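Please walk me through this structure. I want to learn how to read its main features.

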Amino acid sequence: HISDGRENPSSAASRSVMLPCCRARNPTSAGIVAALFLSCAVSAASAQELDESQLARSYFRWSEEGWNATTKDGGSWPVSGELGYLKSSDDDDSLWYYSASVDFLGNKAEAYGGTISFTLGHSEYNSLGLGNQEEYDIILESKILNISLGHMHIVPAWVTSSENVVELSEEGGWVDTESGESATRLALLRTLSTLTALKIRGSYYHGHEYSFLKDVILSKGVKQDLAWVRNDPHIDEICRALKLNVIACEFYGVHLMKSIQKVNLNKLRAEYATQMRKRKEYETNHNERRKQLEQELLNDAAGNVLE
């Protein structure tokens with residue numbers, strides 16, 4: 001059992017007494033306080049601006065910043081955010097996740113080869129003499145493409161706080177949460193390009209626990225040519241035509257798209273245009289010849305009648 005070091009009510013009360021300046025004694029002082037508060041808010045908003053290497057980040061300085069929490073089955077879970085922390089708790093072996101805001105979702109293909117970094121810790125926990133619960137520490141989901149990728153053993157057990165950096169690549173330890181198979185490059189790219197959920201586990205122990213999340217940053221990977229693994233609907237069409245399931249499609253999709261990309265589309269279009277032109281010429285000649293034969297037959301028939 002680890003104490004969270006929370007203050008007793010008397011110390012909290014004494015500290016609140018030390019802040020009389022925050023009370024507005026007249027409209028003028030109220031206006032000054034409001035202006036100062038607005039100035040602080042603007043400064044905080046400016047500090048949230050992303051640098052060139054980042055796609056999204058949350059520091060939870062003033063609120064949850066659009067984050068929430070859900071159970072493993074998708075149910076709602078209470079969460080609060082302020083002063084740089086997103087916090088929640090439980091009293092048993094419930095499994096729940098901090099769920100990212102919309103800033104981290106959508107087309108995040110640029111994150112491939114980059115990282116997701118965050119600090120996760122516990123101000124208090126009780127393991128009940130048991131080990132920590134085995135579960136995915138991070139989950140990436142694309143409900144659009146029915147893909148769910150997970151990563152285990154990121155956050156170390158029995159520590160009060162840990163800074164974690166996870167690589168977003170096929171060599172980063174990601175697996176398909178349904179099959180347990182290692183995630184392919186195509187699976188990661190397709191998931192990141194249609195990301196509908198990013199979840200970071202908040203519950204680890206069988207007894208009660210108070211956990212917190214802070215400083216979540218989604219960073220870009222090295223820019224590269226990803227044309228052959230783009231989120232193209234033709235991938236799904238090919239997989240359906242070949243009757244490949246989702247896992248097989250992800251595995252063979254790389255090779256399928258490579259084969260497609262090897263085709264010189266300009267040459268293919270030129271050959272197609274040539275064939276269509278020849279076909280049209282053939283049909284035109286055929287129709288003219290048919291009309292000529294029909295006219296000859298009519299002329300022969302007319303000659304026989306006159307005779």
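The dialogue below takes confidence, the sheet, the core and the aromatic rings in turn.

Q: What kind of model is this, and how are residues numbered?
A: This is a predicted model: local features need pLDDT of at least 70, side-chain atom pairs count only at pLDDT 80 or more, and totals for chains, interfaces and linings use all residues. Residues are numbered from 1 along each chain as its sequence is written, and side-chain values use heavy atoms, with hydrogens and water left out.

Q: What is the average pLDDT of the protein chain, and which element has the lowest mean?
A: pLDDT is the predictor's confidence in each residue, from 0 to 100. Where it is low, the predicted coordinates should not be read in detail. Here the protein chain averages 79, and 72% of the residues score at least 70. Helix α1 (residues 9-17) has the lowest mean among the elements, 33, while β12 has the highest, 97. Helices (H or I, at least four residues) and strands (E, at least two) are DSSP runs, numbered from the N terminus. Over residues 1-30 the pLDDT is below 50; this stretch has 18 contacts (heavy atoms within 4.5 Å) beyond near neighbours in sequence. Residues 225-230 are also below 50, with 13 such contacts.

Q: In what order do the strands of the open sheet run?
A: Strands of a sheet pair through backbone hydrogen bonds, either parallel or antiparallel. Two strands count as paired if DSSP finds at least two bridges between them. In this model 7 strands form an open sheet, ordered β3-β2-β6-β12-β8-β9-β11, with antiparallel pairing. The edge strands, β3 (76-77) and β11 (175-176), each pair on one side only. β6 and β12 pair over 3 bridges, in the antiparallel sense. Tyr97 stands opposite Arg201 of β12.

Q: How many residues does the largest nonpolar core have?
A: In soluble globular proteins, nonpolar side chains tend to be buried together. A nonpolar core is a set of buried Ala, Val, Leu, Ile, Met, Phe, Trp, Tyr and Cys residues joined through side-chain atoms within 4.5 Å. Buried means under 20% relative accessible area, exposed over 50%, and partly exposed in between (1.4 Å probe, protein chains only). The largest core here has 40 residues; Trp67, Phe118, Trp174, Leu198, Leu213 and Val216 have the most contacts inside it. β7 gives the largest share, 4 residues.

Q: Is α3 enclosed or open?
A: α3 is largely enclosed by the rest of the structure, because 9 of its 9 residues are buried.

Q: Which residues form one aromatic cluster?
A: Phe60, Trp67 and Phe104 do. Trp67 also touches other residues, including Val79, Leu86, Ile200 and Leu213.

Methods. Phe/Tyr/Trp six-rings, centres within 6.5 Å; stacked < 30°, edge-to-face > 60°. Lists of a residue's contacts leave out its neighbours within four places in sequence.
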